[in-house]
Amino acid sequence: ISWQGRQGEAARNAAGAMAAVVHRAQDTLVVVSLLNTEIVKSHQEELDRLLKQNPTLEEVIRLDAEGHVLVDAHRDRPVLAELITIPQSRWFLDARSGQPYLGPVQLSYYEQPYLLMAIPAPDGGVVAARVQISVLWEAVADIRFGEGGRAYVVTREGDIVAHTNPEVVLASTSISGRPELAALLTAPNAEWHGEYINFEGALVVGATAPVPDTDWVVITELSQAEAFAASRTALLMLGGGLLILIAMTMWVVTRFIEHLVVQPMTRLREGADRIGQGDLDHRIGLARRDEIGQLAKAFDEMAGRLGQREAQVAAQTAALQISESRYRAIVEDQTELICRYLPDGTLTFVNEAYCRYFGQTREVLIGHSFVPFILAEDIPLVEAHLTQLGPENPLAM
């Protein structure tokens, strides 16, 4: 029957559109998971820029293995970063165990719907994000087949997470227990087609396709009246033309995405990983004007700034070591007794002449008071001498 092929193709295309939204969000989370958290803490603007360049996300947080927030960025107001139940949350536990998590539609306490996504980080921590549910709604609304055809997305538990009518999602509508859900769950790879009465009581024909890397399934529905109105020949011709056009479009789109997105993202990930591991001489070098190119440029500039700072610190450290060596050489060459002590008399430094005079090693002298080493009859003279010293009289003979 012609409607089966047409709707099956529409369902697979819709599943591809949903997967593209999910993968784009996951790619951003992967990039965040590869970043050095200490570097990001001192360059919060880089994480904010990354969030700004992905309008799919409302908030991104990086957590350690204990559930403590290391870094976060948010577009509106923080939600995930303020949760106090993170260590016990299913999404955190699943992601920490190595299993990516994509949850149902939730409402924040600001009454904004979102999906929660979490992935494991290489260091045992977790990266999580709030995904704009409106992006899925728009993707579903853009799917067209027939005059009255529509598509919606359900979880394998039957919860509707995207629909052409947002009120259906906000009302927590579920098709759990309905025959169409049972049929698609038992079908190979969740690809099914059939005739039924949908949850709104309409006679429809439907087809399903799984969304890759999620537990979602796309359902496309068309009224039975429209599906069977045209002649079989006309539908076959239309279906054949659409299949050819869709196949050609998908081939072109696939090649285009490979060149425009996949290859640059791979290069960006590898570059971010090398920079995050301390290779500050590495440059990603993507000469593009889109968000991927801007992000690559930001990484390159950050690596350059960090490299300059590292060189400055190394130069300062070398100069300090030279200065300290000169100071110690001068002090050790003196025949006079030289020491440094705290207000309570505890020695913190003595030169070699001091050690020889008292017949003690540095290990014995440092950390102890100098008073026990002074002859009893000389103590009053030493105390009188020391009382002369102060901020206004730093030198006494």
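Biologist: Which strands form a hairpin with four residues between them?
Modeller: E6 and E7 do. Gly-158 sits in the turn, and its phi is positive, about 100°. Strands here are DSSP runs of E with at least two residues, helices are runs of H or I with at least four, and both are numbered from the N terminus. This is a predicted model, where local features need pLDDT of at least 70, side-chain atom pairs count only at pLDDT 80 or more, and totals for chains, interfaces and linings use all residues. Residues are numbered from 1 along each chain as its sequence is written, and side-chain values use heavy atoms, leaving out hydrogens and water.

Biologist: How many bridges join E6 to E7?
Modeller: Three, with E6 (residues 150-155) and E7 (residues 160-163) running antiparallel. Two strands count as paired if DSSP finds at least two bridges between them. Val-154 has Ile-160 in E7 as its bridge partner.

Biologist: What is the strand order in the open sheet?
Modeller: The order is E7-E6-E10-E9-E8, five strands with antiparallel pairing. E7 and E8 are the edge strands, each pairing on one side only. From one strand to the next, the twist averages 30°. Angles run from 0 to 180 degrees between N-to-C directions, with axes as lines fitted to C-alpha atoms, for helices over the stretch in contact.

Biologist: And how many bridges do E9 and E10 pair over?
Modeller: Seven, in the antiparallel sense. Val-204 stands opposite Ser-223 in E10.

Biologist: Which helix packs on the sheet?
Modeller: H5, residues 133-141. H5 touches E6, E7 and E10, and its direction makes about 55° with that of E7. A contact means heavy atoms within 4.5 Å.

Biologist: Switching to charges. How many salt bridges does a search of the whole structure find?
Modeller: Twelve. The test is a side-chain nitrogen of Lys or Arg within 4 Å of a carboxyl oxygen of Asp or Glu.

Biologist: What does Glu-200 form a salt bridge with?
Modeller: Arg-150, with the closest N and O atoms 2.2 Å apart. Glu-200 is in the loop between E8 (193-197) and E9 (203-210), Arg-150 is in E6, and the two are 50 residues apart.

Biologist: Is Arg-150 buried or exposed?
Modeller: Buried, at 17% relative accessibility. Buried means under 20% relative accessible area, exposed over 50%, and partly exposed in between (1.4 Å probe, protein chains only). Glu-221 is buried too, whereas Glu-200 is partly exposed at 45%.

Biologist: What about Glu-38 and its salt bridge?
Modeller: Glu-38 pairs with Lys-41, the closest N and O atoms being 3.7 Å apart. They are three residues apart in H2 (residues 37-42), so about one helical turn separates them. Glu-38 is exposed at 52%, and Lys-41 is partly exposed at 43%.

Biologist: Zooming out, what does the C-alpha trace span along its principal axes?
Modeller: About 120 × 45 × 35 Å. The radius of gyration is 35 Å, but a compact globule of 397 residues would be near 21 Å. That radius is taken over C-alpha atoms, and the globule rule is 2.2 Å times the number of residues to the power 0.38.

Biologist: How many helices and strands are there in the protein?
Modeller: There are 13 helices and twelve strands. Buried residues make up 40% of the 397.
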